[in-house]
Amino acid sequence: MPDCDVIVVGRGLIGSATARQLANAGANVALIGPGEPENNHTHDGLFGSHYDSGRIVRILDPIPYSAQISKASIEHYRPLEKLTGIGFYQEVGFLVVTNNKYYYSDIEAVGKTFYPQAERIPQNELAERFPYFNFPADVKAIFQQTKAGHINPRKQIAAQNKALEIYGGTVIDDVVFEIKQKDLVVSVRTNQEWIDSKKVILATGAYANSGSIIPRKIDFGVVPHTIVLGEITMEQLPNLNGTPSLSYRYGSDPMRYIYFMPPILYPDGKFYIKIGHSNGDPMPNDMNTLTSWFQSDGDMEKVEWLSETLQNLLPDVKFASLHSKSCVTTKSPTGKQFIDQFDEKQIYAVLADNGQCAKSADEVGYIASEFVMNGRFPDPYRRADFRIKYSA
């Protein structure tokens, strides 16, 4: 007999959410994945982009699907916190600021469906409402007051993992090296043991095509991102009370769009403001390239630009220090996640988050659990939209 019903490989945001949703639906689940490296500069194993304490969550988005899945996920946050006793969500609101009329109109249109109470703020009121920010005179803003802000991804994963155990599942801190299927049993080899299951789900993020555990290479891109963390002293914190998360798109160059998060407490006991860029050019997704990127402190040209942008955005703030980090997003050619079954296998994919992972993982996990357990996609989703695209 198999040891469990489903093994989920990958203990990041999507894998942890999928495992928890499966266990909540009654499956006997094992979630396998390594913990966070002690030192990213020297670690030569697998990395994840969730090793962070701040990620924006919001409903407002120019893409209806993104607004839909994030809204559903955010509604699960408080119940998950209550169940586990682990707080990970700060509801501080989300502000969109732009002079790009197309971006503004898309946000406004999607907001009418998924968050109709969003507030339109003209430029002449921005300084009064948000006095710490410095914006040009030609911008407009939309403010999402509730169901928005930021999460701590480390703590959200801890909450998902604890909930999984509450529902009877198992969390295994290890790496998967091999997957074999014989008849209707799928066997997974870790550093320590072989584990048998009825089904296996791969939620391995940027490393999906690395190694040999995926049945067939899939078509997805990996986009490198650089972030800058500006340290805020305790004396300056009161001046930034009420600061929302921010998406700031000035001009028409998508490579210059930035996101921003208010002061957040990090594991070193310091508060940091985080700024990063929304878009980037894809890079190779082989193991060596990914490892080198995650070991780095990001793109130094982008570090300079982001640091300057941060200082211009908050001209009255004197940062105690600035430092940078690297992360990635995975992109599918469809714009939606791959939630599908590999041909003639009891192996499934929940891959390619399209930059939606942090705010939407819980709903993606729910969609995946319904498909894997019941062979269907819950309304209003359609299986055709989530099919795997294979590499040529």
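Contact here means heavy atoms within 4.5 Å. With that in hand, here is a walk through the model.

The structure is a predicted model, where local features need pLDDT of at least 70 and side-chain atom pairs count only at pLDDT 80 or more, while totals for chains, interfaces and linings use all residues. Residues are numbered from 1 along each chain as its sequence is written, and side-chain values use heavy atoms, with hydrogens and water left out.

**The overall picture**

The protein has 8 helices and 19 strands; these are DSSP runs numbered from the N terminus, with helices being H or I of at least four residues and strands being E of at least two. The C-alpha trace spans about 65 × 45 × 45 Å along its principal axes. What radius of gyration does the protein have, and what would a compact globule have? The protein comes out at 21 Å, which agrees with the value near 21 Å for a compact globule of 392 residues. That radius is taken over C-alpha atoms, and the globule rule is 2.2 Å times the number of residues to the power 0.38.

Of the 392 residues, 56% count as buried. Buried means under 20% relative accessible area, exposed means over 50%, and partly exposed is in between (1.4 Å probe, protein chains only). The accessible surface comes to about 16,800 Å², and 48% of it belongs to carbon and sulfur atoms; the areas come from the Shrake-Rupley method with a 1.4 Å probe, and for residues only the protein chains shown count as cover.

Look at contacts between residues at least 6 apart in sequence, and 73% of them join residues at least 24 apart. As for charge, there are 39 positive and 45 negative side chains, and the centres of the two sets lie 5 Å apart. Lys and Arg count as positive and Asp and Glu as negative, with His and the chain ends not counted; each charge is placed at NZ of Lys, CZ of Arg, CG of Asp or CD of Glu.

Lys336 sits in the loop between strand S17 (322-331) and strand S18 (338-341). Setting aside neighbours within four places in sequence, Lys336 is in contact with Tyr65, Ala352, Asn354, Asp385 and Phe386. Lys336 and Ser66 are 270 residues apart in sequence, yet their C-alpha atoms are 8.8 Å apart in space.

Ser66 belongs to helix H2. Beyond the residues within four places in sequence, Ser66 has contacts with Asp61, Gln356 and Ser360. Ala352, one of the contacts of Lys336, is in the loop between strand S19 (347-351) and H8. Although Ala352 is not a glycine, its phi is positive, at about 65°.

Glu81 is also in helix H2 (residues 64-84). Which residues does Glu81 touch, not counting those up to four places away in sequence? They are Ile86, Gly87, Phe88 and Tyr89. A polar atom of the Glu81 side chain lies 2.8 Å from the backbone nitrogen of Phe88.

**Strand S13 and other spots**

Leu229 is part of strand S13 (residues 221-232). Again leaving out neighbours within four places in sequence, the contacts of Leu229 are Tyr266, Tyr272, Ile273, Lys274, Ser321, Leu322, His323 and Lys325. Leu229 and Leu60 are 169 residues apart in sequence, and 24 Å apart from C-alpha to C-alpha.

Asn24 is in helix H1 (residues 13-24). Asn24 and Lys198 are 174 residues apart in sequence and 17 Å apart in space, C-alpha to C-alpha.

Asp183 sits in the loop between strand S10 (176-182) and strand S11 (185-190). Phi of Asp183 is near 55°, a positive value in a residue other than glycine. Then there's a cis peptide bond from Asp379 to Pro380, with omega near 10°. Pro380 is in the segment after helix H8 (357-374).

| Residue | Relative accessible area | Class |
|---|---|---|
| Leu229 | 1% | buried |
| Ser66 | 2% | buried |
| Ala352 | 5% | buried |
| Glu81 | 11% | buried |
| Asn24 | 42% | partly exposed |
| Asp183 | 64% | exposed |

Note on methods:
Polar contact = N/O pair within 3.5 Å; in protein donor to acceptor, adjacent residues only side chain to side chain.
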